[in-house]
Amino acid sequence: MTTYTMLIEKGKSEGKIEGEQIGIQKGKLEEKTEVIVSLFDEGFDVPKIAKIVKLQEEEVVRILTEKGRVK
């Protein structure tokens with residue numbers, strides 16, 4: 001195997017790992033978003049939601065605004 005081929009394979013492997021990590025992080029954020037919206041729809045207030053999902057209140061408000069729950 002040439003050095004070039006080894007470097008290409010290493011780059012592919014690293015890219016795959018990085019892509020998997022990004023996908024996992026995106027999935028976790030999507031899950032938190034669903035929980036935030038559900039809790040809000042059930043009547044929980046923003047400070048309580050932020051505490052439950054371990055995010056800053058500003059981030060919870062941003063997500064709720066994006067999802068059309070608050071203006």
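Predicted model: local features only at pLDDT ≥ 70, side-chain atom pairs only at ≥ 80, totals over all residues.

Me: What makes up the largest nonpolar core?

Reply: The term covers buried Ala, Val, Leu, Ile, Met, Phe, Trp, Tyr and Cys residues joined through side-chain atoms within 4.5 Å. Here that gives 10 residues: Ile36, Val37, Leu39, Val46, Ile49, Ala50, Val53, Val60, Ile63 and Leu64. Helices here are DSSP runs (H or I, at least four residues), numbered from the N terminus.

Me: Which residues does Leu64 touch?

Reply: Contact means heavy atoms within 4.5 Å. Leaving out residues up to four places away in sequence, Leu64 touches Ile36, Val37, Phe40, Val46, Arg69 and Val70.

Me: Why is Thr33 called buried?

Reply: Buried means under 20% relative accessible area, exposed over 50%, and partly exposed in between (1.4 Å probe, protein chains only). Thr33 has 13%, so it counts as buried. This residue sits in helix H1 and, not counting residues up to four places away in sequence, touches Ile63 and Lys67.

Me: What makes Glu9 and Lys12 a salt bridge?

Reply: The rule asks for a side-chain nitrogen of Lys or Arg within 4 Å of a carboxyl oxygen of Asp or Glu. For Glu9 and Lys12 the N to O distance is 3.9 Å, and the pair counts. Both lie in helix H1, 3 residues apart, about one turn of the helix.

Me: How many salt bridges does a search of the whole structure find?

Reply: The search finds 5. One of them joins Asp41 and Arg69, with the closest N and O atoms 2.9 Å apart. Asp41 is in helix H1 and Arg69 in the segment after H3, so this pair ties together parts that are 28 residues apart in sequence. Asp41, at 45%, is partly exposed, and Arg69, at 37%, is partly exposed too.

Me: What about Arg62 and Glu59, how far apart are their closest N and O atoms?

Reply: They come to 2.5 Å, and the two form a salt bridge. In helix H3 they are 3 residues apart, about one helical turn. Arg62 has 34% relative accessible area, so it is partly exposed, and Glu59 at 26% is partly exposed as well. Salt bridges with shared partners join Glu59, Arg62 and Glu66 into one network.

Me: Why are H2 and H3 called roughly perpendicular?

Reply: Axes are lines fitted to C-alpha atoms, for helices over the stretch in contact, with angles from 0 to 180 degrees between N-to-C directions. Under 35 degrees counts as roughly parallel, over 145 as roughly antiparallel, 65 to 115 as roughly perpendicular and the rest as oblique. The axes of H2 and H3 cross at roughly 105 degrees and come within 9 Å, and the helices are therefore roughly perpendicular to each other.

Me: Which residues meet there?

Reply: Val46, Pro47, Ile49, Ala50 and Val53 in H2 meet Glu57, Val60, Val61 and Leu64 in H3.

Terms used:
Residues numbered from 1 in each chain as written. Heavy atoms only, no water. Helix = DSSP H or I, 4+ residues; strand = E, 2+ residues; numbered from the N terminus.
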